[in-house]
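Here is a short tour of how the chains of this assembly meet one another.

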Number of protein chains: 6
Amino acid sequence: MTHTPDIKRPPKAWVDKLRAAGTANLSGTLAHMGIRSVHMVGPVSRNPGMTIAGPALTLRFMPKREDLYGQAEYDDPEKQLHRHVLYHAQAGDIVCVDARGSLTSGIFGEMMLTYFKGRGGAGVVIDGCIRDYPNAKDLGLGLWVRGLTPNFHTQTDLMPFAVNEPIACGGVTVMPGDIIVADDDGAIVVPVGLAQKLLAKASQEHGWEDFSRERLAEGGDLRRYYPLSDAARPEYEAWLKKQGKAKKKR
Amino acid sequence: MTHTPDIKRPPKAWVDKLRAAGTANLSGTLAHMGIRSVHMVGPVSRNPGMTIAGPALTLRFMPKREDLYGQAEYDDPEKQLHRHVLYHAQAGDIVCVDARGSLTSGIFGEMMLTYFKGRGGAGVVIDGCIRDYPNAKDLGLGLWVRGLTPNFHTQTDLMPFAVNEPIACGGVTVMPGDIIVADDDGAIVVPVGLAQKLLAKASQEHGWEDFSRERLAEGGDLRRYYPLSDAARPEYEAWLKKQGKAKKKR
Amino acid sequence: MTHTPDIKRPPKAWVDKLRAAGTANLSGTLAHMGIRSVHMVGPVSRNPGMTIAGPALTLRFMPKREDLYGQAEYDDPEKQLHRHVLYHAQAGDIVCVDARGSLTSGIFGEMMLTYFKGRGGAGVVIDGCIRDYPNAKDLGLGLWVRGLTPNFHTQTDLMPFAVNEPIACGGVTVMPGDIIVADDDGAIVVPVGLAQKLLAKASQEHGWEDFSRERLAEGGDLRRYYPLSDAARPEYEAWLKKQGKAKKKR
Amino acid sequence: MTHTPDIKRPPKAWVDKLRAAGTANLSGTLAHMGIRSVHMVGPVSRNPGMTIAGPALTLRFMPKREDLYGQAEYDDPEKQLHRHVLYHAQAGDIVCVDARGSLTSGIFGEMMLTYFKGRGGAGVVIDGCIRDYPNAKDLGLGLWVRGLTPNFHTQTDLMPFAVNEPIACGGVTVMPGDIIVADDDGAIVVPVGLAQKLLAKASQEHGWEDFSRERLAEGGDLRRYYPLSDAARPEYEAWLKKQGKAKKKR
Amino acid sequence: MTHTPDIKRPPKAWVDKLRAAGTANLSGTLAHMGIRSVHMVGPVSRNPGMTIAGPALTLRFMPKREDLYGQAEYDDPEKQLHRHVLYHAQAGDIVCVDARGSLTSGIFGEMMLTYFKGRGGAGVVIDGCIRDYPNAKDLGLGLWVRGLTPNFHTQTDLMPFAVNEPIACGGVTVMPGDIIVADDDGAIVVPVGLAQKLLAKASQEHGWEDFSRERLAEGGDLRRYYPLSDAARPEYEAWLKKQGKAKKKR
Amino acid sequence: MTHTPDIKRPPKAWVDKLRAAGTANLSGTLAHMGIRSVHMVGPVSRNPGMTIAGPALTLRFMPKREDLYGQAEYDDPEKQLHRHVLYHAQAGDIVCVDARGSLTSGIFGEMMLTYFKGRGGAGVVIDGCIRDYPNAKDLGLGLWVRGLTPNFHTQTDLMPFAVNEPIACGGVTVMPGDIIVADDDGAIVVPVGLAQKLLAKASQEHGWEDFSRERLAEGGDLRRYYPLSDAARPEYEAWLKKQGKAKKKR
C-alpha cells in the first residue's frame with residue numbers, strides 16, 4: 001500500500017500574522033534577511049482579492065516514463081500519488097505542486113478540489129494547470145496556477161512522483177511544512193525556520209505609513225513624507241493626536 | 001475572383017451534445033480513445049463563463065513575403081483572404097485561425113467581428129490576437145485569443161494565406177469542419193469523424209457524481225466516494241431514492 | 001545631488017484627441033505613415049475599460065552590478081533614480097519604464113504610486129511588474145504591466161539607471177516626451193513629431209462606419225457595407241437623413 | 001496510391017550565379033528590393049564552409065493527430081509522405097522542411113539521406129532535426145538543421161502532411177520551386193519570380209571592393225575606402241592598372 | 001558526515017552492446033516498445049564523434065535558498081554534494097545532472113573533471129554548463145552539456161541537493177543506475193529494467209542494410225531497397241554471396 | 001557632423017594579466033568580491049581556443065523607429081553609428097554590442113571587420129549576429145556572437161543608437177572602458193574600477209594546483225588533493241623539490 005509522509009505544521013498564530021502581513025512586506029523583509037527571492041514566478045491568482053496562508057503539502061511531478069507509470073495506476077487509483085497528497089489535508093493547508101510549468105496537464109479537477117475544500121484546505125499553488133475551472137472557480141479555494149486546461153494530470157507528459165518531499169515550484173525551493181503566503185502580488189514561500197525572526201522584523205511597522213499615504217494622495221512631497229523626514233515629524237505627531245481624538249469621538 | 005471552399009457541417013445534435021459535455025470531459029475521453037491531446041495551448045477565453053461549440057471554418061496565416069502580398073490586396077479588399085473565411089459563416093460556426101502565435105497582428109477588428117456575429121457566428125479561436133477589443137468584447141461572440149493588439153492583421157509579419165484548409169492552431173491540427181468546443185478550460189478540437197463514438201463514450205456518465213460531490217464537499221472520504229466504492233453504493237442508492245422523492249415534491 | 005532632466009510636454013489638445021482616437025485607429029494609421037509598429041508588446045491593462053494618454057516620462061533599468069548600485073542607494077533613498085522620475089510628474093503624465101521584462105522586480109509599490117497619483121499622474125506602462133497590487137489597483141491610476149510580484153525594485157537583477165532618456169519598452173523605442181496612448185488593446189507610442197500629421201490623418205473618419213456597423217450587426221453583406229460600396233451609398237444617405245431627423249426629434 | 005506534385009525547376013545558370021553571389025549579398029539586395037528578410041532563422045550549417053543552391057522541394061509537418069496518422073502508415077511505408085518528397089529529387093535539388101522547430105523529431109535518417117544523395121540532392125534545410133548524424137555527416141550533403149536527435153520522424157509530436165506545397169520554414173514562406181541558397185551565414189529563400197531581377201542588381205558589383213579590402217586590412221581609413229570615396233578613386237585606378245599588369249605577368 | 005547512496009551497476013556486456021547499437025537505433029526501438037522518448041533535449045556533444053555508455057550516477061540541483069545552502073558549505077567543501085557524486089565514480093560511470101537548464105552555473109570545473117577521469121569516468125551529461133572548458137575539453141571525457149560558463153556551480157541560482165536520487169534531465173526521468181548512451185545524435189536514457197529486452201529487439205538487425213545503403217548511394221530506388229522489397233531479395237542474395245567470396249579472398 | 005566620445009583605456013599590464021588569468025578564475029573571484037555574475041549569456045566563441053582581453057568600446061542598438069532612422073542614414077553612411085564605434089578603435093580594443101539578442105540583424109560584415117582588424121582590434125562581443133562569416137572567420141579577430149545571419153544591421157528590427165555609452169550585453173551592464181575578457185567559457189566584463197583589486201586576489205594562486213591535478217589524473221583522492229589537505233602537504237613539498245630539480249636539469 002502506498003504510504004507517504006505527513007508534514008509538521010507551524011503554530012496557527014504565525015500563519016495568521018503572516019497572512020496579515022502580506023507578500024510584499026514579507027518578500028522585501030526576507031530579502032533584507034539574505035533570502036534573495038521567495039516569489040514563485042508563474043502561478044497567478046485566479047481569485048482576485050483573496051489572500052491565503054498555510055503550511056505547504058508538496059507534490060512533485062516528473063516527466064512521464066511509461067515503464068514507471070502505467071496500467072497499474074489506471075487500474076488502481078489508490079496508486080495515483082496526486083490523491084495521496086490530499087489525504088494529508090488538514091484545515092488551512094496549502095497544496096504546492098511542481099508541475100514543471102506544463103500547460104497540458106490539469107493537476108486537479110473539480111472532484112479532487114471539492115474533496116480538498118471539504119477537508120478545510122485553504123488553496124493550491126501549482127506551477128502548472130488545473131482543469132474543470134468552470135466549476136472549480138466557485139469552490140472558495142485559493143487558486144494560484146499558471147494556466148487552465150481540459151486535460152487530466154497524466155494525459156500528456158507528466159506523472160506524479162513524490163508527496164511531501166522538497167520541490168522546486170516557480171523557481172523557488174519549497175520544503176514540506178514551509179509556510180506559503182499568497183495574494184494578488186503572487187505566491188511566496190516563508191522558510192518555516194525563519195518565520196519567527198521574519199515576523200519580528202516585518203512587524204516593526206512604520207507607524208507613519210498611514211499618515212504619509214494620506215499626504216501623498218493629496219499631492220504631498222515624496223521627499224518629505226516617504227520615508228518620513230525629520231522635517232515632517234511634528235506634522236505627523238499632530239496628525240497622530242488628531243487621529244486619537246477622532247477615534248475617541250467615534 | 002477569389003474562390004475558397006466551404007466546409008461540411010456536422011448535425012446540430014452532435015454539436016449541442018458536445019457543448020453540454022464540456023471540454024474536460026471530452027478531452028479526457030478522447031485521450032482514452034487514443035488521441036493524446038486536443039487542447040489548443042495559447043488561446044484563452046476573453047469571455048469568462050461562456051461555452052461554445054461549432055464546426056471550424058479555418059484560416060491560415062503565413063510569414064509575410066512582400067512579393068506574395070502587397071499593393072493588390074490593399075487596392076482590392078476582396079483579395080484579402082481573412083474576409084473570405086467570414087463569407088462562409090453560418091449560424092453556429094466558429095472561425096479557427098493559425099496566426100502563428102503573433103502578438104503584433106490583430107487578425108480581426110470590430111467591423112469584421114460585427115459582421116461575423118450578424119451572420120450568426122458563435123466565436124473565434126485564434127492562436128494570435130484580435131484588435132478593437134474595447135468594442136469587440138461586447139458583441140456577445142466567444143473570443144479565445146492569445147492576446148490583444150491595436151495592430152491590423154498584415155501590419156507586421158503575417159499575411160492571410162488559405163481558407164478552409166488544414167491548419168495547426170495552438171499545437172493541434174484542425175481540419176475544416178472539425179468541431180471546436182471551448183470554455184474556461186480552453187478550446188479543443190473534436191475530430192468530426194470521432195464525434196459519434198466520443199459522444200457514446202462521454203455520455204456514459206457516472207450517475208453517482210452528484211452524490212459524491214455532495215459528500216466530498218462535506219468532508220467525505222475520497223477513497224469512499226471518488227470513484228464510488230462498493231461500500232458506499234447502498235448509501236448512494238438511498239440518496240438516489242431521496243432525490244427522487246425530493247424532485248417529486250417540487 | 002542627483003539631477004535628472006524634465007521633458008517637453010505636447011499641447012493638451014493633441015493628447016485629448018489621441019485619447020479619443022484609440023490605439024487601434026492610431027496604430028493602423030501610423031503604419032500607413034511608414035511606422036511599422038508602435039505597440040509595446042508585454043504590458044497589458046490591469047484596469048479593463050480604462051483609456052489614458054499623456055506625455056512619457058521615461059525610466060531605464062539596467063542589469064544590477066553591485067559595484068554600481070549598492071549601499072549608498074540603500075542609505076540615501078534620494079539616490080534611487082526610480083524616485084526621481086516621479087519628481088517630474090505633472091497632471092496627465094505617464095511613466096514608461098524599461099524594466100527588461102523582469103518578473104521578479106516590482107518597479108513601484110503602493111506608496112510611490114500614491115504619490116504619483118497625488119501629483120496627477122495618469123498611469124504607468126512598465127515592461128515588468130509592480131508590487132502592492134492589492135492596494136495599488138484601487139488608486140485609479142492606469143496600470144499597464146507585464147505582471148505582478150511582491151519583490152521590490154532592486155531585489156533581484158535590476159537597478160534604475162536613467163531618467164528621461166530614450167528607452168526600449170516592449171520592443172518599441174520611446175523618446176522622453178513622446179505621447180503614450182493605452183487602452184484594452186495595449187499601450188502604444190505616438191512619436192511626438194508625428195502627432196499633428198497623425199491626427200489629421202486619423203480624423204478623416206469614415207462617416208459611414210456607424211451606418212455600416214448597424215447593417216453588419218443585422219447580417220448585412222460585408223462586401224456591400226465594409227468598406228461602403230457605391231451600391232450602398234444611396235442607402236447610407238437615406239440613413240443619414242433619417243438620423244438627422246431622429247436627432248432633431250430628440 | 002499516394003501522388004504528390006513535382007516542382008518547376010529554374011534554369012541552372014540562375015542557380016549557379018546565386019550560389020556564387022552568397023547569402024549576404026542576396027539577402028541585402030532583396031531587402032533593397034522590398035523583401036524584408038529571407039533568412040530562415042533556426043537551421044544552421046552542420047558542414048562549415050559548404051555553400052549550396054537549388055530549387056526547393058518542400059515538406060510540411062503538422063502536429064500529430066492519431067486519427068490522421070497511424071497504423072496504416074506503419075504498415076505501408078509508401079504512405080509516409082517524407083519518402084515522397086525524396087521521390088521527386090533531381091540533381092541539385094534541396095529539400096526544405098517545416099518541422100515546426102521540433103527538437104524531438106528526426107526528419108530524415110542515414111538511409112533516406114543516402115538515397116537523396118544518390119539521386120544527386122544538394123542538401124536539406126530543416127526547421128527541426130535529423131537523426132543518424134554520426135553517419136549522415138559524411139555523405140557530402142549540405143545539412144542546415146536546428147539540431148540533432150536520435151528519435152525518428154513521427155516518434156513524438158509530428159506527422160508529415162504535405163509535399164511540394166507552400167511552407168513556413170524558420171519564419172519565412174517558401175513556395176515549391178523557389179531557390180534556396182545556404183552557406184555559413186544561414187539559409188535563405190530567393191523567390192523564383194524575383195531571381196532574374198535580383199541577379200541583375202546583385203551582379204552590379206563594386207569593382208573597388210577588393211581594392212578597399214586590401215587597404216582596410218592595412219589600417220586604411222574607413223571613410224576613404226568604404227564606400228570608395230571620390231578622393232580615393234585615383235588611388236584605386238592606379239591600383240587597378242597595377243593589378244592588370246600583375247595579371248599579365250602571371 | 002555526509003553520506004550518499006551508491007548505485008547498482010548493470011553487466012558490462014549490456015553496456016558494451018548498447019554503446020555499439022547507438023542512440024538512434026535504441027531510441028527508435030524503445031519507442032516501439034512503448035517508451036515515447038528517451039532523448040534528453042538540451043545537452044549536446046562537445047566531443048564530436050565520441051560515443052559513450054554507462055550507468056548513471058545522478059546529481060540533482062535545486063533553486064538556491066540561502067537558508068539551506070551557505071556558509072557551512074563554503075567553510076567545509078566536504079558538505080558540497082557535487083563532490084559526493086564523484087566519490088562514487090567507478091570505471092565507465094556517467095554522471096547525469098539536473099542543473100535546471102541554467103546557463104550561469106558551471107557544474108564542474110577542470111579539477112573535478114580531472115578527478116572523475118582519474119577514477120575512470122566515461123563522461124558527463126548535464127542539463128546545464130561546465131566551466132574551465134578550455135582545459136576540460138582535452139581530458140578525454142565525454143561532455144554532453146547545454147553550454148559553457150566561467151561561473152562556478154553555486155555562483156548564481158542553484159545549489160546541489162541530492163545524489164543518486166531520481167532526476168529529470170533534459171525533460172526525461174533518469175533513475176540512478178539507468179544506462180546512459182550518448183553520441184552525436186544526443187544523450188538517451190535506457191531504463192535498466194528494459195535493457196535486456198531492448199537488446200534482444202535492437203539486435204534483430206536488418207542484414208540487408210549494408211546492401212541497401214550501397215544501392216541507394218548509387219541512385220537505387222528507395223521503394224526497392226528500403227525497406228528491402230521482395231523484388232530485390234534475389235539481388236541481395238547474390239550480393240551476399242559475392243561479399244562472402246570477397247571476404248574469403250582478403 | 002556626428003561626434004561620439006572616446007573611452008579611457010586601462011594600463012596594458014592589467015589587460016595582459018587579466019587575459020592570462022582566464023574567465024573562470026576571474027568570474028569566480030569577482031563573485032567572492034560581491035559581483036554576482038559578469039558572464040554575458042548569449043555570445044559564444046566562434047574561434048575555439050582563442051582568448052582575448054581589452055577595453056570595451058560600446059555600441060547600443062534600439063528597436064527601429066522609422067521616424068528616427070531612415071533615408072538620411074542610407075544617403076549618408078557617415079550618419080550610421082555602427083561605423084563610428086569603429087573609428088575609435090585602437091590596438092587591443094574590443095567592441096561590445098547590445099544588439100538586443102536579434103537573430104536577424106548582422107551587426108558587422110566583412111568590410112567593417114576588416115577595417116577593425118586593420119586598426120588592431122582584438123575582437124567583438126555581440127549579443128546578436130554578424131554577417132559575412134564565411135569571410136570574416138579568417139580575419140583573426142575574436143568573434144563572440146549569438147549567431148550568424150546574411151542580413152545587414154538595420155535590415156529588420158534594429159537601429160544603431162549610441163556609441164560609448166553604458167549598455168546591457170547578454171544580461172550584464174557594460175560601461176565604456178570596462179575590460180572584457182573572453183575565452184571558450186564565454187565573455188565576461190571586469191569593472192575597470194575593480195581590476196587592480198581583482199588581480200591582487202586572483203593572482204594569489206594555489207601553487208599546489210599543478211601538483212593536485214597530476215595526482216587527480218592518476219586517480220588520487222579528491223579529499224586529499226583538492227583542496228590540498230594538510231595530510232598531503234609533505235607529499236606536495238617533496239614534489240615541489242623534485243620539480244625544481246627537474247627544471248634545473250632541463
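Predicted model: local features only at pLDDT ≥ 70, side-chain atom pairs only at ≥ 80, totals over all residues.

**Polar links between chain C and chain A**
- Four salt bridges are found across the interface of chain C and chain A.
- Between chain C and chain A, 15 residue pairs are in polar contact, counting pairs with both residues at pLDDT 80 or more.

**The side of chain C that touches chain A**
- Three elements of chain C each give two or more residues to the side that touches chain A: α4 (81–87), α5 (110–118) and α6 (133–136).
- Of these, α5(C) gives the most to that side, with six residues.
- Sorted by class, the side of chain C that touches chain A has 12 nonpolar, seven polar and eight charged residues.

**Extent of the interface**
- Chain C brings 27 residues to the contact and chain A brings 28 residues.
- About 2300 Å² is buried between chain C and chain A, and carbon and sulfur atoms give 61% of that area.
- M111(C), Y115(C) and P150(C) supply 29% of the area that chain C buries against chain A, more than any other three residues.

- Helix α5 (residues 110–118) of chain A packs against helix α8 (residues 209–217) of chain B at an angle of about 30°, with the axes 7 Å apart.
- The angle is under 35 degrees, so α5(A) is roughly parallel to α8(B).
- On the α5(A) side the contact uses E110(A), M111(A), T114(A), Y115(A) and G118(A), which meet E209(B), S212(B), R213(B), L216(B) and A217(B) in α8(B).
- The residues of this contact divide into four nonpolar, three polar and three charged.

- The axes of helix α5 (residues 110–118) of chain D and helix α8 (residues 209–217) of chain E come within 7 Å and cross at roughly 30°.
- That crossing makes α5(D) roughly parallel to α8(E).
- Among the residues making this contact are M111(D) and Y115(D) of α5(D), together with R213(E) and L216(E) of α8(E).

- Chain A and chain D share no contact, and their closest C-alpha atoms lie 11 Å apart.
- No contact joins chain C and chain E, with their closest C-alpha atoms 11 Å apart.

Notes. Residues numbered from 1 in each chain as written. Chains lettered and ligands numbered in written order. Heavy atoms only, no water. Axes fitted to C-alpha atoms, helices over the stretch in contact; angles between N-to-C directions. Helix = DSSP H or I, 4+ residues; strand = E, 2+ residues; numbered from the N terminus. Parallel < 35°, antiparallel > 145°, perpendicular 65-115°, else oblique. Contact = heavy atoms within 4.5 Å. Buried area = accessible area lost by both parts, 1.4 Å probe. Salt bridge = Lys/Arg side-chain N within 4 Å of Asp/Glu carboxyl O. Polar contact = N/O pair within 3.5 Å; in protein donor to acceptor, adjacent residues only side chain to side chain. Nonpolar A, V, L, I, M, F, W, Y, C, P; charged D, E, K, R; others polar.
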